[in-house]
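I opened my notebook to look up a few things in this chain. I begin with the whole and then turn to single residues.

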Amino acid sequence: MKKNPFRRGTPAHRLNGIFLAYGPGIKKGYKIENAKIYDIAPTILHIFGLPIPNDMDGRVLMEIFEEDSEFAKRKPKYVDPSYYEKKQEDEKLKKAIKNLKLKGKL
């Protein structure tokens, strides 16, 4: 077989990978099908009880949770991406107020 001089890298690209989840509320021995790499971020945000920006790609992998777990009972919460911008501004304001209190100006 003649090699193509313009082809570089491996001869075939596959979409195979591995995803493991372990801990309380996670199904044991469950094999998930069709998970995508971009499903990981929304799933992690959901596990931590944080809202998911509604412009984020992917989905919460609800099928990995035990049916009676808090993760399965709680519906994913989606928010406008500006939610996180406002949160950062709130933290800056709290820090500024704390600094003013420490300096005795409040």
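Entry one, burial. I looked up how much of the chain is buried, meaning under 20% relative accessible area with a 1.4 Å probe and protein chains only. Of the 106 residues, 18% count as buried. I note that this is a predicted model: local features need pLDDT of at least 70, side-chain atom pairs count only at pLDDT 80 or more, and totals for chains, interfaces and linings use all residues. Residues are numbered from 1 along each chain as its sequence is written, and side-chain values use heavy atoms, with hydrogens and water left out.

Entry two, fold. I found three helices and two strands. Helices (H or I, at least four residues) and strands (E, at least two) are DSSP runs, numbered from the N terminus. Along the sequence the pattern reads α-β-α-β-α.

I took a contact as heavy atoms within 4.5 Å. Among contacts with a separation of 6 or more, 54% join residues 24 or more positions apart.

Which residue has a positive phi although it is not a glycine? I noted asparagine 34, with a phi of about 65°. Asparagine 34 sits in the segment before helix H1 (40–47). Asparagine 34 counts as exposed because its relative accessibility is 63%, and exposed means over 50%.

I looked up the accessible surface of the chain, computed by the Shrake-Rupley method with a 1.4 Å probe. The total is about 9,500 Å², and 56% of that belongs to carbon and sulfur atoms.
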